[in-house]
Amino acid sequence: MKPRELVRIQPRPARGTGASAPGAGRSAIGRARYEEGMDFGAVLRATQGRREDLPPAPDFREPPADLAERARRALYEVADPEFPISLVDLGLVYDVQADPASGAVTVDLSFTATACPCMDFIQWDVRDRLLREPGVERVEVRTVWDPPWTTSRISERGRDVLRRAGVSI
Amino acid sequence: MSDVDTAARAFKAAEDLPGAVREPMGELLLVLADNKRLLGMRYSDWILGAPALEAGIACSAMAQDEWGHGRIVYAMLRDFGYDPHHLEHERDASEYRSSELLDRPAEGWPDLLALNLLLDTALSVQFEAMAESSFEPVHYKVQKLLDEERFHFEHARGWTARLATTPQGRRSLERAFAPAWRACLRWFGPSDDPVDAALEGAGIIDAGPDLLRARWLSRVGPVVSGAGLELAEETGVGWTTHVDATWDDDWKPGWRRSAEADGPDEDTLRRVRGDKNRPLLMD
């Protein structure tokens with residue numbers, strides 16, 4: 001399957017935020033400096049964290065009950081960019097919902113910190129993986145902060161992984 | 001979620017807010033986002049050059065936190081008719097609603113501690129007033145933010161106590177804290193601000209300016225008094241919530257800053273907008 005293009009940086013079109021948008025249209029500072037066609041997203045994609053040291057997904061005895069469960073299990077293959085731990089084991093996946101008829105999947109995802117520098121990368125990886133799952137046509141990733149993520153959400157499996165990586169929790 | 005909780009979150013989205021509070025709420029969020037963004041900048045000024053390596057690292061972490069908080073709040077403003085990209089990257093200095101305390105770099109470490117203890121806590125007190133907000137999008141974000149802010153306060157408290165162990169250190173703190181103290185008290189706005197009253201009436205915030213000042217004092221007061229700092233000579237009123245200011249001619253309601261200040265200086269503006277790396281910006 002041809003990889004999806006994630007980000008292509010190019011001059012921004014004027015945004016229609018409505019006449020009531022304060023400050024809208026007053027300034028075009030720097031817009032001329034965008035380099036047309038520069039595919040910075042592709043560069044980042046090529047270097048993304050498909051980690052060879054990510055442990056395989058758990059050996060589930062039962063097949064997934066539905067598309068949502070299949071999607072959730074697929075996220076065991078998406079790694080945190082900094083450590084060899086899946087987003088599921090890290091406890092960042094709060095909910096996965098799916099509509100088998102339309103192929104729409106919605107993932108509620110939190111992050112360890114509000115200033116997580118990898119938020120974009122992680123969301124791209126989630127979309128990228130789920131769109132490779134048969135029957136998934138659309139993916140929406142929703143960021144949630146409630147309840148706040150804490151280390152208590154890390155699975156036992158994840159704790160073992162982190163300990164082996166030298167992280168004390 | 002209980003029925004009570006559901007009922008308390010009356011407003012699921014910005015469009016659900018009553019007309020009288022929708023614009024003020026957007027303005028309050030913009031004030032908070034700008035303060036977070038600029039405060040992060042001021043922390044970042046000290047990543048190198050702090051009194052200790054650990055303090056520089058703490059400044060790095062606090063800067064990151066503040067930018068994360070700013071990013072969240074700027075993103076919320078889309079639902080209020082603002083363009084977050086424009087807000088973050090394209091405004092002129094006169095359009096920033098951050099405290100005038102942040103317009104220029106902190107001159108010394110005591111000045112940075114004044115921002116760390118006094119202004120950062122003021123922002124947290126304002127966010128805390130929205131922890132049980134009837135405006136759901138805010139309610140579901142505030143606790144995570146406050147959890148992260150606890151470490152900022154501990155950093156400020158520890159360094160204030162440490163610097164105050166010598167007479168010279170206490171004097172440097174008093175000189176730095178006095179103007180910041182006055183500015184932070186004023187930052188909450190006039191006691192009878194009708195906008196705050198409307199927000200409080202709608203359950204979006206749980207307290208008006210005077211109560212927020214009192215909450216702020218209850219946090220920072222023990223730190224400054226415990227450190228043996230004296231403010232009375234500077235202001236004549238001591239470490240109280242008395243606002244030594246007028247509101248009519250030098251205050252921009254909805255901006256929470258002095259009408260006479262120009263805004264962030266040129267270097268601050270260039271950095272805070274990310275001018276240097278603009279070609280690499282991504283959505």
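These legends accompany close-up views of a predicted model.

**View 1. Chain A at a glance.**
Chain A holds 5 helices and 3 strands. Read from the N terminus, its elements follow the order α-α-α-β-β-α-β-α. Of the 169 residues in chain A, 42% are buried. Among contacts in chain A with a separation of 6 or more, 64% link residues 24 or more positions apart.

**View 2. The β1-β2 hairpin of chain A.**
Strand β1 (residues 93-99) of chain A runs antiparallel to β2(A), and 6 bridges join the two. One of the pairings sets V93(A) against its bridge partner L109(A) in β2(A). The two strands form a hairpin, with 4 residues between them. In the turn, G103(A) has a positive phi of about 75°.

**View 3. Strand β2 of chain A, covered on both faces.**
Strand β2 spans residues 104-109 of chain A, and 6 of its 6 residues are buried. In a regular strand, side chains alternate between the two faces of the sheet. In β2(A), A104(A), T106(A) and D108(A) point one way. V105(A), V107(A) and L109(A) point the other way. Residues on both sides are buried, D108(A) and T106(A) included.

**View 4. From β2 to β3 in chain A.**
β2(A) and β3(A) run parallel and are joined by 6 bridges. D108(A) has R142(A) as its bridge partner in β3(A). Together, β2(A), helix α4 (residues 119-131) of chain A and β3(A) make a β-α-β unit. The unit is right-handed.

Most peptide bonds are trans. The bond between D146(A) and P147(A) is cis, with omega of about -5°. P147(A) sits in the loop between β3 (138-143) and α5 (156-164) of chain A.

Most residues other than glycine have a negative phi. R256(B) is not a glycine, yet its phi is positive, at about 55°. The residue belongs to the loop between α10 (232-235) and α11 (266-273) of chain B. R256(B) counts as buried because its relative accessibility is 8%, and the cut-off for buried is under 20%.

**View 5. The second largest pocket.**
The volume of the second largest pocket is about 650 Å³. Its lining consists of 33 residues. Those nearest the centre are T112(A), A113(A), W149(A), D65(B) and E148(B). In chain B, α3 (53-76) and α6 (136-163) each supply at least two residues of the lining. α6(B) gives the most, with 7 residues.

**View 6. E136(B) and its contacts.**
E136(B) lies in helix α6 of chain B. E136(B) has 16% relative accessibility and therefore counts as buried. Leaving aside neighbours within four places in sequence, E136(B) is in contact with R9(B), F11(B) and K12(B).

Conventions:
Residues are numbered from 1 along each chain as its sequence is written. Chains are lettered from A and ligands numbered from 1 in the order in which they are written. This is a predicted model: local features need pLDDT of at least 70, side-chain atom pairs count only at pLDDT 80 or more; totals for chains, interfaces and linings use all residues. Side-chain values use heavy atoms; hydrogens and water are left out. Buried means under 20% relative accessible area, exposed over 50%, partly exposed in between (1.4 Å probe, protein chains only). Contact means heavy atoms within 4.5 Å. Two strands pair if DSSP finds at least two bridges between them. A crossover is right-handed if, with the strands pointing away from the viewer, the path from the first strand over the helix to the second runs clockwise. On a 1 Å grid over the protein atoms alone, a cavity is a set of points where a 1.4 Å probe fits but cannot get out, and a pocket is an open set with protein on both sides within 12 Å along at least five of seven lines; lining residues have an atom within 4 Å of a point. Grid points are joined across faces, edges and corners, and a volume is the space filled by probe spheres set on the points.
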